[in-house]
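Please examine the sequence and the three-dimensional structure shown below. A short report on selected features follows.

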Amino acid sequence: GGGGPSREYGEGSHRSTQPASEGPSLDRSDVESGPPDDGAEGRREGDKKFCLCIPPDRLIPICVAAADFSAGLAAGMSVRYFPIFYMDNLKLSPIAVQGMYAIGTIGQALLSKMAHRLSMRIGRPQTTVA
């Protein structure tokens, strides 16, 4: 062979010629430095808990779900008394009350189909606003 040090890889190789036991050198500027939050090791700013040990990125969806649940519960407790209100205060007959409910259900079904067709033309968000 030729003189000089032998190399494992060719001249144009980008691989390191360091022995396998030595790992790649770490540049300390790449590592995030600074004191940990509240003295807890490994915690980041985004890991802080706000309310009831709930992470901040889950707080809004949980609040929305709780509000929907409570509104549904309240509606379920009051909707059952609407027919009594219609009969007592508006002096409607039981047949008229049932007719209103039937027309409301049929109207919801028809308007749902119309909204679906409209959403295919102009988009769902635009249909919701319209």
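Accessible areas come from the Shrake-Rupley method with a 1.4 Å probe, and for residues only the protein chains shown count as cover.

## Basis of the report

This is a predicted model, in which local features need pLDDT of at least 70 and side-chain atom pairs count only at pLDDT 80 or more, while totals for chains, interfaces and linings use all residues. Residues are numbered from 1 along each chain as its sequence is written, and side-chain values use heavy atoms, with hydrogens and water left out.

## Overall organisation

The chain has 4 helices and 0 strands, in the order α-α-α-α along the sequence. Helices (H or I, at least four residues) and strands (E, at least two) are DSSP runs, numbered from the N terminus.

Of the 130 residues of the chain, 5% count as buried. Buried means under 20% relative accessible area, exposed means over 50%, and partly exposed lies in between (1.4 Å probe, protein chains only).

Met77 lies in helix H1, which covers residues 56-79. Because its relative accessibility is 54%, Met77 counts as exposed.

Together with Phe69 and Leu73, Met77 forms a nonpolar patch on the surface, with about 360 Å² of accessible area. Patches are made of residues with over 30% relative accessible area and no salt bridge; like charges are joined within 9 Å, and nonpolar side chains (Val, Leu, Ile, Met, Phe, Trp, Tyr) within 5 Å. A salt bridge is a side-chain nitrogen of Lys or Arg within 4 Å of a carboxyl oxygen of Asp or Glu.

The whole structure contains 2 aromatic pairs. In one of them, the ring centres of Phe82 and Tyr86 are 6.4 Å apart and the planes are at 45°, so the pair is tilted. Rings of Phe, Tyr and Trp (its six-membered ring) pair if their centres lie within 6.5 Å; planes under 30 degrees apart count as stacked, over 60 as edge-to-face and the rest as tilted.

Phe82 and Tyr86 are 4 residues apart in helix H2 (residues 82-88), and therefore about one helical turn separates them. Phe82, Phe85 and Tyr86 form one aromatic cluster.

## Helix H3 and its end

Helix H3 has 29 residues and reaches 41 Å from its first C-alpha to its last, close to the 42 Å expected at 1.5 Å a residue. The expected span is 1.5 Å times one less than the number of residues. Gly123, with a positive phi near 105°, follows H3.

Ser119 is placed in H3 (residues 94-122) and counts as buried because its relative accessibility is 14%. Not counting residues up to four places away in sequence, Ser119 touches Arg124 and Thr127; contact means heavy atoms within 4.5 Å.
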